[in-house]
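Please read the numbered points alongside the sequence and the model.

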Amino acid sequence: MNFEFGQHADFGEFVDLRFHGGAQYARLKTTHNYSGFETATPTVLAATESASMTFNGFGPRAGFDMTYNWGNGFATYAKSAAALLVGSSKFSHDFRSVVLPADNASFNGSRTRVVPELEGKLGATYSFAMAAGDLTLDAGYMWINYFNAHHGINFNYGAFGVAESDFSLNGPYFGLKWVGNVV
């Protein structure tokens, strides 16, 4: 969730810039469940594993948007933003073995983290002017990355340690927005 205040500036007839700043809240949750077989007993369900990692953070955010207006409602844009979130990163990890019950283990923990976030978007819009406002169709590609947002236990053939990982979202997106005129 972003709370932003921005300044819009026109540079000529076609180029618009927007500088913005504010705050961001993020809740990132990842879960993992696995059921597997031991090589000694391939016909018996031998182990189950489940893990959950959650990060809740809040902090300052700043960004920069640039739009090139082609005319007749068409525009292309590049948007970027960064945030520095402070919050709690929690994990729980449960491992159960049917063949070797002595290997059963549960771990959980939490720590306070500072997580940098970067995001970028490239896209195009088409705005259709209506009597009561503007209807805008938006499509593009986005990339968002939260660096070292998650931590947990890493099992590696009997040895384990603390593992850290990023939380990333990327891919195409589509949107439809209506902005009404206030009389």
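Is aspartate 65 buried or exposed? Aspartate 65 is buried, as its relative accessible area is 9%; buried means under 20% relative accessible area, exposed means over 50%, and partly exposed lies in between (1.4 Å probe, protein chains only).

1. Basis of the note. The model is predicted, so that local features need pLDDT of at least 70 and side-chain atom pairs count only at pLDDT 80 or more, while totals for chains, interfaces and linings use all residues. Residues are numbered from 1 along each chain as its sequence is written, and side-chain values use heavy atoms, with hydrogens and water left out.

2. Overall architecture. The protein has seven strands and zero helices, and its elements follow the order β-β-β-β-β-β-β from the N terminus. Helices (H or I, at least four residues) and strands (E, at least two) are DSSP runs, numbered from the N terminus. Of the contacts with a separation of 6 or more, 62% are made by residues 24 or more positions apart; contact means heavy atoms within 4.5 Å.

3. Surface and burial. Among the 183 residues of the protein, 31% count as buried. The accessible surface is about 11600 Å², and carbon and sulfur atoms hold 62% of that area. Accessible areas come from the Shrake-Rupley method with a 1.4 Å probe; for residues, only the protein chains shown count as cover.

4. The structure holds seven salt bridges, a salt bridge being a side-chain nitrogen of Lys or Arg within 4 Å of a carboxyl oxygen of Asp or Glu. Side chains of opposite charge can pair when their charged atoms come close. One of the bridges joins the side chains of arginine 18 and aspartate 65 at 3.0 Å, N to O. This pair links distant parts of the chain, with arginine 18 in strand S2 (residues 15-37) and aspartate 65 in strand S3, 47 residues apart. Arginine 18 is partly exposed at 27% relative accessibility.

5. Further salt bridges. Arginine 61 and glutamate 117 meet through their side chains at 4.0 Å, N to O. Here too distant parts of the chain are linked, since arginine 61 lies in strand S3 and glutamate 117 in strand S5, 56 residues apart. Both partners are buried: arginine 61 has a relative accessibility of 7%, and glutamate 117 has a relative accessible area of 1%. Glutamate 164 and arginine 113 form another salt bridge, at 3.3 Å, N to O. That pair connects strand S7, which holds glutamate 164, with strand S5, which holds arginine 113, across 51 residues. Glutamate 164 is partly exposed at 39%, whereas arginine 113 is buried at 11%.

6. A salt-bridge network. Which residues are linked in a network of salt bridges? The network consists of Glu4, Arg18, Arg61, Asp65, Glu117 and Glu119.

7. Buried polar residues. Serine 89, in strand S4, is buried with a relative accessible area of 0%. A polar atom of its side chain lies 3.1 Å from the backbone oxygen of alanine 149. The C-alpha atoms of serine 89 and histidine 150 are 6.2 Å apart, although the two residues are 61 apart in sequence. Asparagine 145, in strand S6, is likewise buried, at 6% relative accessibility. Its side chain makes a polar contact of 3.4 Å with the side chain of serine 168. A polar contact is a pair of N or O atoms within 3.5 Å; within protein, one must be able to donate a hydrogen and the other to accept it, and residues adjacent in sequence count only if both atoms are side-chain atoms.

8. A nonpolar surface patch. Phe14, Tyr68, Trp70, Phe74, Tyr126, Phe128, Met130, Leu135, Leu137, Leu176 and Trp178 form a nonpolar patch with about 1200 Å² of accessible area together. Strands S3 (45-71), S5 (105-130), S6 (133-156) and S7 (159-180) each give two or more residues to the patch, and S5 gives the most, with three. Patches are made of residues with over 30% relative accessible area and no salt bridge: like charges are joined within 9 Å, nonpolar side chains (Val, Leu, Ile, Met, Phe, Trp, Tyr) within 5 Å.

9. Backbone angles. Asparagine 72 has a positive phi, near 55°; asparagine 72 sits in the loop between S3 and strand S4 (74-97) and is exposed at 75%.
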